[in-house]
Amino acid sequence: MERIQIMILPGNEDLPKMEQMSQGASGFDLRAALSETIILEPGKRKLIPTGLAMAMPIGLEAQVRPRSGLALKHGITVLNTPGTIDADYRGEIGVILINLGEGPFEIHRGDRVAQLVFQQVASVNLIEVEQLEETARGTGGFGHTGK
């Protein structure tokens, strides 16, 4: 099991701890560390602070992902899904939310706005070549097998 250091930034000690909401949950909920309520209008995006910073070992990344309930019920999602937090980043975790719904959406301090999932990152060595090995698929992409 990897050890991840989490730091609560000053002024955010009142927010609930980042946690998994069920025993089998993959993600840890991220909460809005807002000083005042934000109204996210349809079609608009906003960077939402979480009041948290962390340190991960090299070889891990944290992915900021949408919460399915917010997406289904309100059209609220994470704009750059998944948002990647690199192992060497030490700043505040932020969530870029966008309102794809039909009406304004209020975000309050402490609201669960996204989830954080940790993933292993492959270590690779890129090798420049003049020609790629052939496959049955070849260059077919973007729906080449049908609808």
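Predicted model: local features only at pLDDT ≥ 70, side-chain atom pairs only at ≥ 80, totals over all residues.
Rolling a probe the size of a water molecule over the atoms shows where empty space is left. In this model, the largest pocket holds about 340 Å³ of space. Its lining is made up of 20 residues. Nearest the centre of the pocket lie Ile6, Met18, Phe28, Leu52 and Phe118. The largest share comes from β2, which supplies four residues. By type, twelve lining residues are nonpolar, five are polar and three are charged.

Gly110 sits in the loop between β10 (105–107) and β11. Its relative accessibility is 13%. Gly110 is therefore buried, because buried means under 20% relative accessible area. Residues up to four places away in sequence aside, Gly110 touches Leu15, Arg31 and Ala32. Leu34 is 76 residues from Gly110 along the chain. Even so, the C-alpha atoms of Gly110 and Leu34 are separated by 7.6 Å.

Ala71 belongs to helix α1, which covers residues 68–74. The relative accessible area of Ala71 is 34%. This value falls between the cut-offs of 20% and 50%, so Ala71 counts as partly exposed. Ala71 and Leu100 are 29 residues apart along the chain. Their C-alpha atoms are separated by 8.4 Å.

Methods: Residues numbered from 1 in each chain as written. Heavy atoms only, no water. 1 Å grid on protein atoms, 1.4 Å probe; cavity = no way out; pocket = protein on both sides within 12 Å on 5 of 7 lines; lining within 4 Å. Points joined across faces, edges and corners; volume = space filled by probe spheres on them. Helix = DSSP H or I, 4+ residues; strand = E, 2+ residues; numbered from the N terminus. Nonpolar A, V, L, I, M, F, W, Y, C, P; charged D, E, K, R; others polar. Buried < 20%, exposed > 50% of the residue type's maximum accessible area, 1.4 Å probe, protein only. Contact = heavy atoms within 4.5 Å.
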